[in-house]
Amino acid sequence: MYKLILTVLAFCLIQTCAAKTVPSQGYQSFDGYQVIRAQARTLEQGMSLINLQRDHPSLDFWKEPSLTDDTDFMVPSDKILEISQYLSLHNVEFYPLIKDVGQLIASQYDGYQMTGVREPISWTKYHNLATMYEWFQNLTEAHSFVHVYTIGQSTEGRDIKVVRLSKDPSANKPAMFIDSAIHAREWISLATVSYIMNQIVNNPEDNALLDDVDFYFLPIINPDGYEYTFTTNRMWRKTRSRNSASCYGVDANRNYDYEWSSCSGCSSGVCTSETFRGDTPFSEPETEAMRVFIEQSKQSGVNFQSYISVHSYGQYFMLPWGYTPAPPADYEELQMVANYVAGNISAVYGTEYTTGSSSTTIYPTDGTSQDWAYGTGLFKYVYTAELRDKGIYGFILPPTLILPTAEETWAGFKISLGRCLLWRGSACATFGLFGLMTIAFVSMMKTPTIVLGFLPTLIFKPFALWVVGGFIKELRTLDNFPTNSTINFPPAKPTLSLQHPQNTRRTTMIFRRESVSRPPSVVGSKITTISEEP
Ligand SMILES: [Zn+2]
């Protein structure tokens with residue numbers, strides 16, 4: 001009997017108790033909270049949403065007030081009636097997007113690895129900070145091309161880590177920098193980025209990318225906030241710096257110095273706001289550590305080309321700027337690549353992405369990492385990715401959707417930025433060589449047979465036709481890109497587009513939708529003036 005009890009206890013410890021992920025007692029309840037989606041289509045409706053946000057600090061805006069996009073916000077149960085009446089009074093269309101946030105969170109507990117629980121990493125669960133950092137350490141011990149930097153400490157003293165994947169750092173190959181979890185509750189961003197890291201490390205095909213490119217990952221910029229979402233509050237967004245006796249946290253993605261606090265309504269000067277920019281640029285040790293690391297790396301010769309900041313949610317792949325509706329200098333090129341990324345993401349599971357400048361696609365922002373990375377000239381190909389979904393789950397994306405989200409995202413990043421953008425030189429060279437060979441063989445075929453002789457023609461003609469065929473295929477693929485693009489390099493895998501004609505159509509459609517939905521700048525400035533902080 002004694003043995004039986006021990007066996008059952010051991011089984012429980014190994015199989016059930018250890019795997020069970022029950023949050024701590026103090027885990028904040030969101031029972032009865034709703035997420036409401038409002039759709040402002042006139043200036044007056046937009047103003048009423050901005051006033052609502054200003055006057056009700058207890059509302060957590062998941063998507064900022066916008067005329068070009070939906071506005072989502074979480075409402076405590078005791079405020080639902082009051083807020084509904086307010087929206088009706090101001091003729092704003094709305095509906096409950098998530099009917100019970102607390103229930104949704106609780107339904108996923110088995111997919112959360114809470115603090116103190118130890119498990120190996122997987123992509124069927126959301127893992128805690130300790131597991132992630134332990135995994136980074138294991139990677140660097142197992143693979144010579146993995147190097148982990150500790151680039152600083154957070155406000156609460158946690159390490160901030162960058163993982164470099166490079167087979168030859170001294171070669172200064174084109175480098176891609178990817179970060180995630182700057183907003184603590186956007187768990188899918190870290191889950192996806194860690195999947196990408198794992199693919200490059202352990203999948204031989206992806207590992208071969210390291211022959212041409214270096215990768216730098218800052219997977220958890222905001223470790224304090226991320227940990228806090230596991231111990232205390234699933235919906236925490238900001239850092240955990242203390243700004244007053246009762247006010248914690250800065251929106252790290254409004255804390256970079258480029259155009260910091262430059263446009264009214266693009267960030268907040270009020271500490272309790274979810275978009276509080278901090279008292280000064282780089283006030284947060286987390287953003288400061290990132291700045292110093294990137295600047296010093298660049299000075300020491302790292303060939304940074306591409307920067308992607310990974311967030312959720314909404315399914316957008318966006319380019320600068322956030323602080324102004326004016327297009328960036330490289331708009332055409334950045335937009336074309338964004339469309340290509342969106343098309344390749346969509347090709348995997350049909351997930352539709354919208355592309356465009358962030359200020360005109362979602363809402364204006366200032367002091368973001370995206371604007372800093374592009375505006376300082378540290379990177380050219382700068383993007384903000386907002387992963388799944390479009391709001392059915394919002395930030396609380398079920399763990400079962402980690403893998404499909406990660407797979408499609410990596411497909412988009414890899415093919416479009418890895419094999420097309422960063423290989424641009426070799427792709428162009430191949431394209432040019434194709435052209436030269438074609439011209440040579442066509443010229444040769446036009447030469448009288450009597451001069452060349454029968455045998456060479458017999459040998460070369462099929463080869464020449466094959467080359468010409470490939471060349472025409474490439475040209476056809478180029479035709480599928482948006483017509484206002486000035487880019488003239490072919491995708492490295494031209495057959496991909498040919499195999500998915502519906503995919504390229506969708507990409508073009510997204511581009512057009514973005515173009516027509518861009519609001520006149522005067523509308524934006526009117527709205528932001530009204531939203532000025534007291
Ligand atoms: Zn975010």
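**Exercise 1. Is L397 buried or exposed, and what is its relative accessible area?**

*Solution.* The model is predicted: local features need pLDDT of at least 70, side-chain atom pairs count only at pLDDT 80 or more, and totals for chains, interfaces and linings use all residues. Residues are numbered from 1 along each chain as its sequence is written, and side-chain values use heavy atoms, with hydrogens and water left out.

Step 1. The term buried means under 20% relative accessible area, exposed means over 50%, and partly exposed lies in between (1.4 Å probe, protein chains only). With a relative accessible area of 1%, L397 is therefore buried.

Step 2. L397 is placed in the loop between strand 12 and helix 13 (402-421). Helices (H or I, at least four residues) and strands (E, at least two) are DSSP runs, numbered from the N terminus.

Step 3. Contact means heavy atoms within 4.5 Å. Not counting residues up to four places away in sequence, L397 touches Q108, Y126, I188, R388, D389 and T405.

Step 4. W187 is 210 residues from L397 along the chain, and their C-alpha atoms are separated by 8.2 Å.

**Exercise 2. Identify the protein donors of the zinc ion and describe the site.**

*Solution.* Step 1. Donors are N, O and S atoms within 2.8 Å of the metal (3.2 Å for Na, K and Ca); water is not among the atoms, so sites may look incomplete. For the zinc ion the protein donors are H183 (ND1), E186 (OE), E186 (OE) and H311 (ND1), at 2.1 to 2.3 Å.

Step 1. Along the chain these donors follow the spacing H-x2-E-x124-H. E186 lies in the loop between strand 7 (174-180) and helix 6 (187-202), and H311 in strand 9 (residues 303-312), so the pair ties together parts that are 125 residues apart in sequence.

Step 2. Four donors count as tetrahedral if all angles lie between 85 and 135 degrees; four count as square planar and six as octahedral if opposite donors are over 155 degrees apart and all others between 65 and 115; anything else is irregular. The angles among the four donor atoms of the zinc ion are 57 to 151°, and the site is irregular.

Step 3. E186 counts as buried at 3% relative accessibility, and H311 counts as buried at 2%.

**Exercise 3. How many disulfides are there, and which cysteines form them?**

*Solution.* Step 1. A disulfide is a pair of cysteine sulfur atoms within 2.5 Å. This rule gives two disulfides.

Step 1. C263 and C266 form a disulfide with sulfur atoms 1.9 Å apart. Its torsion is about -125°, so it is left-handed.

Step 2. C247 and C271 are buried, and C263 and C266 are buried.

**Exercise 4. In which order do the eight strands of the open sheet run?**

*Solution.* Step 1. Two strands pair if DSSP finds at least two bridges between them. The order is 5-6-8-7-9-12-10-11, with mixed pairing.

Step 1. Strand 5 (146-153) and strand 11 (354-357) stand at the edges with a single partner strand each, so one side of each is left without a neighbour in the sheet.

Step 2. Strand 10 (residues 316-319) and strand 12 (residues 381-387) pair in the antiparallel sense over three bridges. F317 has A385 in strand 12 as its bridge partner.
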